[in-house]
Amino acid sequence: MTNVYIGFDYGKRYIGVAVGNDTTNHAEGIGVVLANKGVPTWEDIDVMLSKWRPKALIVGWPLNMDGSEQNLSKAVKVFERNLKERYKLEVYLVDERLTSYEAKKQLGKKEQDKTLVDSTSAKIVLEQWLLERNVNE
C-alpha cells in the first residue's frame, strides 16, 4: 500500500509545500502557504491535508553548515509542535541545509519566483526523507 506524505519548507512569510509517496520516493511541489510573521494560514493547510490524507508530515530543519541551529530553528520547533497538536500525525524534522541552493539549481534560472523556490525546497526535503527512510527500513 502506498503512503502519502506532505513536506514543508518553513518560512516566516511563505511555507513551501510538497506531496510525495513511499512507492516512488518522489515528491512534487504543490505551492506555498502564506504565513504572517511565521503563523501559517492554517485553513490552507487544513485543505491540503484533507485532500491528500498524509500518513505523516515532514518539516525542513534549518541548520547552519556546522550543524548548529539557526535563528529560524526555534520557530520551526513551534511549527512542528502545532502540526502535531492540530493534526495528530507524526512530524519528522529533516536537515534542510542547502535545499534552497539545490532548488535554485534545479529550477535553472537566476531570478526565481520565491514561492517556486520554497515549494521546490519542500520537494527536496520530502524526497530526502523518503529515500533515507527506505534505506533505514
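## Strand β5 and its partners

In this predicted model, the bridge partner of Y5 in β5 is A56, strands being DSSP runs of E of at least two residues and helices runs of H or I of at least four, numbered from the N terminus. I6 stands opposite L57 of β5. The pairing of β1 with β5 is parallel and extends over four bridges; two strands count as paired if DSSP finds at least two bridges between them. On β6, V94 is the bridge partner of G60, and β5 and β6 pair in the parallel sense over six bridges. From β5 the chain passes through α2 to β6 in a right-handed β-α-β crossover, that is, with the strands pointing away from the viewer, the path from the first strand over the helix to the second runs clockwise.

Six of the six residues of β5 are buried, so this strand is largely enclosed by the rest of the structure. Buried denotes under 20% relative accessible area, exposed over 50% and partly exposed in between, with a 1.4 Å probe and protein chains only. A56, I58 and G60 point one way from β5, while L57, V59 and W61 point the other way.

The open sheet has six strands in the order β4-β3-β2-β1-β5-β6, with mixed pairing. Because β4 (39–40) and β6 (90–95) stand at the edges with a single partner strand each, one side of each is left without a neighbour in the sheet.

Helix α2 lies across β1, β2, β4, β5 and β6 and runs at about 175° to β5. Axes are lines fitted to C-alpha atoms, for helices over the stretch in contact, and angles run from 0 to 180 degrees between N-to-C directions.

## Nonpolar cores

The largest nonpolar core holds 22 residues, of which F8, I45, L49, L57, F79 and L83 touch the most other members. Such a core is a set of buried Ala, Val, Leu, Ile, Met, Phe, Trp, Tyr and Cys residues joined through side-chain atoms within 4.5 Å. At least two of its residues come from each of β1 (4–9), β2 (14–21), β3 (27–36), α1 (42–52), β5 (56–61) and α2 (72–87). The largest share, five residues, comes from α2. Apart from this core lies another, of 11 residues, including A27, A56, I58 and L126.

Leaving aside neighbours within four places in sequence, F8 is in contact (heavy atoms within 4.5 Å) with residues including I45, L57, F79 and A122.

## Basis of the values

Residues are numbered from 1 along each chain as its sequence is written, and side-chain values use heavy atoms, with hydrogens and water left out. Local features need pLDDT of at least 70 and side-chain atom pairs count only at pLDDT 80 or more, whereas totals for chains, interfaces and linings use all residues.
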